[in-house]
Amino acid sequence: MKDTTEAAQPGDALALRARGLTKRYGSGPAAVTAVDHLDLDIAPGELTAIMGPSGSGKTTLVHLLAGLDSPDEGRVWVGDDELTGISDAALARVRGRVVGFVFQGFNLLQTMSARDNIMLPLRLNALPTDKKWLDTLVDMLGIGSELARKPYELSGGQQQRVAIARALITEPRVVLADEPTGNLDVHASAQILSHLRASCRELGQSVVMVTHDPTAASYASKVLLFADGQVAGHIDNPSREAVLAGLDALAKVER
Amino acid sequence: MIGRLALAQLRAYRTQSVWTLSLMTLLVAILTATVVMGATQARLEPLQARVSGWDKEFHATPLVGDLPGQPDLTMDEVVAEVQNNPGHDAVAVISGDMTPIPGPSASTPVLEAWRVISSVGEGATIPLASGRAATSHGEIVLAADAARELDAQIGGTVTLYRPDWVSAQGADSLIGHGFEVVGIAASTSLPGFDIYLPSAYISWEDAADPAGPLAYHWKGSDGSTYTSWTVDVAWNGHIAALAAVASPWSVFGTGDIALPGASIAWFGTAAVLLFAMIVMAFAVGRSQASQRAQWIATVRAMGARRSAIAVSSIAETLVLAGVAFAVGAAGGIGLAQAALTMGRLAAGEPFGPAWVSLHGALLAVAALAALVPALVIATVPAFWASRVAPTAALKPVNELTEAEVSRRVPALWAAAPLLVGAVLVALGTSTSVSILPVVVLGWICVAVGMVAVVVEGHRHLTRWAGRVLSRSSSPARMSAGDELTARPRQSMAPAVLATATVTAAAMWTLREVLSQASWRNLFDDHMVSYGSDFWRDVFTSVTRPTALATAIAGLIVVQVVASAIVWSHRVAARQDDVARAALGLSRRQLTATWWWVAWMPQLLGALVGLVLAALCGFTALAIADVTPHDAGGIAAGAGLVAAITLGACAAAAAGLALGAATSYATARLGRASLTGP
Ligand SMILES: Nc1ncnc2c1ncn2[C@@H]1O[C@H](COP(=O)(O)OP(=O)(O)OP(=O)(O)O)[C@@H](O)[C@H]1O
Ligand SMILES: [Mg+2]
């Protein structure tokens, strides 16, 4: 483990950085350490997949990285901005303009149409509407005919695509996605993953996605294997088979 | 099985159960307290009636004296009849007014009238607290508060005055009478209860003396002077001589319950509370509809029968009602006892028993009062839950959307009773003989229509306000606007309650101003000579403690209900909070969002209330046809409208200020961890 003070240098070109990140839930014998003294570096333009068993703390980690939750210990940087210890308003600004987030449960606003859900980040952050970008996203995700509908009138996969569009509409530098392809068919998820990979390469966007699907993980430039709140290993330029092998190894260690 | 389901259900809706239970307990407590205070008042009444000789089977007010119109009885005859008929509990009471403080001018000789009495007979009684009764010339027993006002103690002397009715100037001069204080009697007031007791008791020797302080003197046309007394004679059974002048009428019927004036405030509060509880049950029930539907679907999936769930809902209700009744009745008795004890402490030497009176049948009424709203409240969430499609219940779609889209009331329907009512009232009153049932029915229709129109109006108004807010540049106001537009029904209840509060305040002001104005029209010169100021009098009568207490209780109830609704709404929509946070809203902005969601309906409600108040005020003025009173040169119309507006504005301002604070508390407290379960 690296020394946290030494690592906390400004000016690093990293997209995301975490040092000694720790999050505990509960207290006493029921206490759970969901993220345990974790160090993490995500380079710009990288598509990173996080894989690991259920309950290993993946969702907690991405919440911490997005500034949605505050760590008990450790620090987080998005680009050069440190998230830990900054004001609530500054944190909100990062969440609104720098980071895009796709929830595991979508969290679409039930009272708004799909279009209004997608446009909401722009409205809330007083950003201009880029009509062309909206059309591009809608086309790519194939939700053109669903825009007027309310979330509860959409299927799980359609809701997921709306949630992805909402995360990408502000063209954030960092996208954090909690199982973005969990409810999608092979074709749709391949399309979205190709797009995410392309925007990483071409626009320098950084994407961190949590996934249980080895095929989805194989689109990433790096897979982090996560267990018990810590990074247990990583695979660079993974193939589907390498990911499966990695997960197998992880399962053996677990046992 | 059913018991366990009911328990699980109670646990699943813990917060709502606690809210409902608290409000129901409060309702039972207030009703019980009112009833217990009424029973206590009923117990006090014969006791105090006895002091004035009003508690007997027969009662007479014979003309006593030497007036030329041949009095019914002479004073000697009265005393003889009362004293020579043992076993009849007979009593004769002479009473008259005296004043402790002479007035400032010849035309206002009396500022404060004290009732002074003297009684004779076996039924005579005075509520002596210390010392002894006045038995001979120049002795007096003062009520404790009267003694306090004069700073008099036993053994000291006091002077009381009475108008010299016979002097050339009419009632302009006063004659002083000196007394030695020999005893202190119960206070003439008991805060919280209606007490009518004399301020002083003098000896029969002085009272029956033609030159004494309680005798009236009249100057006849021939120049000679006559004497008379105000005498009440009361007895049980048959006394021949008295029966001739008797009115066979028991003056004060003493039932099981006699509500003291203060209990109007209690009833007002209970009524507001009941209304608020039902409104809250609907609003909270709606926001939990799909959660409850989900619960039912899940439990059914695990093997519970529909009937078992229904029975368990009723069991849940009965448990709540039972607890509310037990705690509420005990609390209510405690509340009444506390009121009595505090009143007794304030009175100094209090009259009557130290403990409140209980009444079994009346407590049963309080129990019923707990059960009926409990049943309503328990069926409402089930009703809403039944509106959620079973398929939707098990989908991970959150809260009330389904219920929200499922019902629309056409605006015309709401206005229909209003029109029908107006026609009925017009029909009922236009004929030369007014048809009362038609008029009453008409007014009921108008009232129902008004409520319906206000409710529907608020739904539209809230949507409109939501749209305006959502065009704002502030993310918090924008989000609040989205919430209000999407769920106008959630905001309706606080808005309607706010409207009702403000309108009620305006109507109360109107009532008081009108009564002051007509009072003034009758007694103008008199009032002015007393140095009374119209607006000061209006202010005093509008801000009477009971009215203020009711208003404050009403405002608090509105806030409790509004908070409960916003809270449940917020809990139901928590996923949206998380999403908004991820999209760039700070915690402060989230708090602000919910502040707006909570406060905006109250603002709209208050504004609508002001408009309604003005409408009702002008209508009432037009109907009442008030003539301008010229005290202080104020024209009635403008003055009255100004007063009504002020009353309404005061209520609106107080409500909005309180609302701003509670909205902030609700918004802030509801700000749980963003990512928690
Ligand atoms: N709000 C919370 N309160 C208490 N414990 C929590 C809370 N959130 C998560 N946990 C616990 O923290 C651990 C990590 O949870 P997390 O949701 O991060 O897992 P995950 O890796 O995302 O799992 P999955 O793949 O099933 O989504 C789990 O043991 C979970 O029970
Ligand atoms: Mg997860």
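# Briefing on a predicted model with chains A and B and ligand 1

Helix α4 of chain A, which spans residues 114–124, has eight of its eleven residues buried, so the helix is largely enclosed by the rest of the structure. The model is a predicted one, and ligand 1 in this model lies between chains A and B.

**Helix α4 of chain A**

- The buried residues of α4(A) are A:A114, A:N117, A:I118, A:M119, A:L120, A:P121, A:L122 and A:L124.
- The cover over these buried residues includes elements from both chains, namely α5 (131–141) and α6 (156–168) of chain A, together with α15 (475–486) and α19 (574–582) of chain B.
- Just after α4(A), the residue A:A126 takes a positive phi of about 55°.

**Surroundings of ligand 1**

- Ligand 1 is surrounded by 15 residues, and the closest of them are A:S54, A:G55, A:K58, A:T59 and A:T60.
- By residue class, the shell around ligand 1 divides into five nonpolar residues, nine polar residues and one charged residue.
- Two elements of chain A, β2 (32–42) and α2 (58–65), each supply at least two residues of this shell, and α2(A) gives the most, with three residues.
- A polar side-chain atom of A:S54 lies 2.4 Å from an oxygen atom of ligand 1, whereas for A:G57 a backbone N or O atom lies 2.9 Å from an oxygen atom of the ligand, and for A:S56 a backbone N or O atom lies 3.2 Å from an oxygen atom of the ligand.
- On its own, ligand 1 has 630 Å² of accessible area, and the protein covers 68% of this area.

**The four-stranded sheet of chain A**

- Four strands of chain A form an open sheet in the order β2-β1-β4-β5, with antiparallel pairing.
- At the edges of this sheet stand β2 and β5 (81–82) of chain A, each of which has a single partner strand, so one side of each is left without a neighbour in the sheet.
- Within chain A, strand β1 (residues 16–25) and strand β4 (residues 73–78) run antiparallel and are joined by five bridges, and A:T22 stands opposite A:E73 in β4(A).

- Strand β6 of chain B, residues 114–120, is mostly covered, with seven of its seven residues buried.
- The cover extends to both faces of β6(B), where B:W114, B:V116, B:S118 and B:V120 are buried on one side and B:R115, B:I117 and B:S119 are buried on the other.
- Strand β3 of chain B, residues 91–98, pairs with β6(B) in the antiparallel sense over seven bridges, and B:D97 stands opposite B:R115 in β6(B).
- Strand β11 of chain B, residues 200–202, pairs with β6(B) in the parallel sense over two bridges, and the bridge partner of B:V116 in β11(B) is B:A200.

**Chain A as a whole**

- Chain A contains nine helices and ten strands, and 55% of its 255 residues count as buried.
- Among the contacts in chain A with a separation of 6 or more, 68% are accounted for by residues 24 or more positions apart.
- Chain A exposes about 10700 Å², and carbon and sulfur atoms supply 50% of this area.

Terms used
Residues numbered from 1 in each chain as written. Chains lettered and ligands numbered in written order. Predicted model: local features only at pLDDT ≥ 70, side-chain atom pairs only at ≥ 80, totals over all residues. Heavy atoms only, no water. Near = heavy atom within 4 Å. Polar contact = N/O pair within 3.5 Å; in protein donor to acceptor, adjacent residues only side chain to side chain. Areas by Shrake-Rupley, 256 points an atom, 1.4 Å probe, with all protein chains shown as cover. Nonpolar A, V, L, I, M, F, W, Y, C, P; charged D, E, K, R; others polar. Buried < 20%, exposed > 50% of the residue type's maximum accessible area, 1.4 Å probe, protein only. Contact = heavy atoms within 4.5 Å. Pairing = 2+ DSSP bridges.
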